[in-house]
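This report goes through one protein chain, from its overall make-up to single side chains. Please keep the sequence and the model at hand while reading.

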Amino acid sequence: MGMRGYYRSPSFLLGALGFFFDAMDVLLFGLVLPAIAQEWGLDPEVRGLLLSAGTVGMAFGALLGGWSADRVGRKPVFLASMALYGLGTGLTAFAPRLDVLFLLRFLAGVGLGAELPVAAAYVSETAPREIRGRAVVLAESFWALGALAAALTARFLLPVGGWRAVLAFGALPAFVALLARTRMPESAPRLFADRPRADVRALFARGLRGRTLLLWFLWMAMNGVYYGLFLWLPSLLVARGYEIVRSFSYIVAMNLFQIPGYLTAAWLVERWGRSAVLGSYLVGGALAAAAFGFAPNTAVLLVSGALLNFFHLGAWGALYAYTPEQYPDELRGSGTGVAASWGRIMAVIAPYAVGFFLARGVGQGTLFAGFFGLSAAAAVSVLLWGGGRPQEVREGERRFRR
């Protein structure tokens, strides 16, 4: 299969769908949360707990999915995670009480958490080596399409059908993808023969310990910014005086800039290197977060929000390309999954923390200053200690250029 042909292959498209559905589910729930809060009379702290329920599930799912993928194969985990996500999200639309809503958000989170680290490993293993980094970033760019689909679904369906109709509709494409994935090939069947496999403790072996700790911090910082900021964005815009439907229109406009963010990162990641692109985009995201938090008018709000989407989602693409390449084949799923699981810990804390501080009168400017600091710290860390690209990637590039 040629390099360009890979982007049309089932391996790429079905792996990329994992990112699409993760974005669609996470953002769809954040978009309908103001409507749920109005109907059920939820204060900001309870809303933060609801957002965190899904990310707690993602933390468990990432750890379990990555570990399982290195033992039973990528494909079985893909199928199980998609089925659990679709079931959890679909039933959420019929939740009669708050405790049931918490449980279903947790179950959907387990499915999504297992999906993403396996998707990154799967695309990394099936792509031609010369375009491996670019393929992973482009697969992750389906997150932008999922975010856009979520915003459009909420924009047009919420006013006529309510939040339950939005969530029910959001589960339908997952079952279509589940059927399609039954035909996808295994990415690395050689790993699942009867032979010893590396233990997760090997992530701290000599030569891997520093990479593992850096990855854990990067995943925690970026999850903290994303889930603390983007899930709260509809509610924050409403708090600034924009009605729900109008805030959705603004979010659709800002989300459109995720796509060029991913595409430019995909183009640069094979030229500058994974860590250089990741660090540079984190710097841009930090500056955009500060500008958004202190935006004096709608024009500045929209421009800074567009830049925030551009840089932060481009950084996510680079991180997904960077992470699987830090580990050998037999540790790739586990290493990526454990890093993602640590990141989900921050994804649990951040939404609740935002609700906690908002309920106590902390201003949006102060919150966004915190997001600026977290992104800046991640940028400094990867630029100082991220190093160059792994040896196997450099060797692949040399062969390609010959």
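## Basis and overall make-up

The model is predicted, so that local features need pLDDT of at least 70 and side-chain atom pairs count only at pLDDT 80 or more, while totals for chains, interfaces and linings use all residues. Residues are numbered from 1 along each chain as its sequence is written, and side-chain values use heavy atoms, with hydrogens and water left out.

The chain has 16 helices and zero strands, where helices (H or I, at least four residues) and strands (E, at least two) are DSSP runs numbered from the N terminus. Of its 402 residues, 58% count as buried, a term that stands for under 20% relative accessible area, with exposed meaning over 50% and partly exposed in between (1.4 Å probe, protein chains only). Among contacts with a separation of 6 or more, 85% join residues 24 or more positions apart, a contact being heavy atoms within 4.5 Å.

## Confidence

The mean pLDDT of the chain is 82, and 90% of its residues reach 70 or more; pLDDT is the predictor's confidence in each residue, from 0 to 100. Where pLDDT is low, the predicted coordinates should not be read in detail.

## Helix 6 and its two partners

Two packed helices are described by the angle between their axes and the distance between the axes. The axes of helix 2 (residues 10-40) and helix 6 (residues 132-140) come within 8 Å and cross at roughly 50°, the axes being lines fitted to C-alpha atoms over the stretch in contact, with angles from 0 to 180 degrees between N-to-C directions. That angle makes helix 2 oblique to helix 6, on a scale where under 35 degrees is roughly parallel, over 145 roughly antiparallel, 65 to 115 roughly perpendicular and the rest oblique. F12, A16 and F19 of helix 2 meet A135, L138, A139 and E140 of helix 6. By class, this contact has six nonpolar, no polar and one charged residues, where Ala, Val, Leu, Ile, Met, Phe, Trp, Tyr, Cys and Pro count as nonpolar, Asp, Glu, Lys and Arg as charged, and the others, Gly among them, as polar.

Helix 6 also packs with helix 11 (residues 258-269), their axes coming within 8 Å and crossing at roughly 170°, which makes helix 6 roughly antiparallel to helix 11. Here G133, R134, V137, L138 and E140 in helix 6 meet Y262, L263, A265, A266, W267 and V269 in helix 11, and the contact has eight nonpolar, one polar and two charged residues.

S141 lies in the loop between helix 6 and helix 7 (142-181) and is buried at 13% relative accessibility. Its side chain reaches the backbone oxygen of L138 at 2.4 Å.

E325, in the loop between helix 13 (298-322) and helix 14 (329-359), is buried with a relative accessible area of 4%. A polar contact of 2.7 Å joins its side chain to that of R274, the term meaning a pair of N or O atoms within 3.5 Å; within protein, one must be able to donate a hydrogen and the other to accept it, and residues adjacent in sequence count only if both atoms are side-chain atoms.

Q364, in helix 15 (residues 364-385), is buried with a relative accessible area of 14%. Leaving aside neighbours within four places in sequence, Q364 is in contact with L236, A239, R240 and G293.
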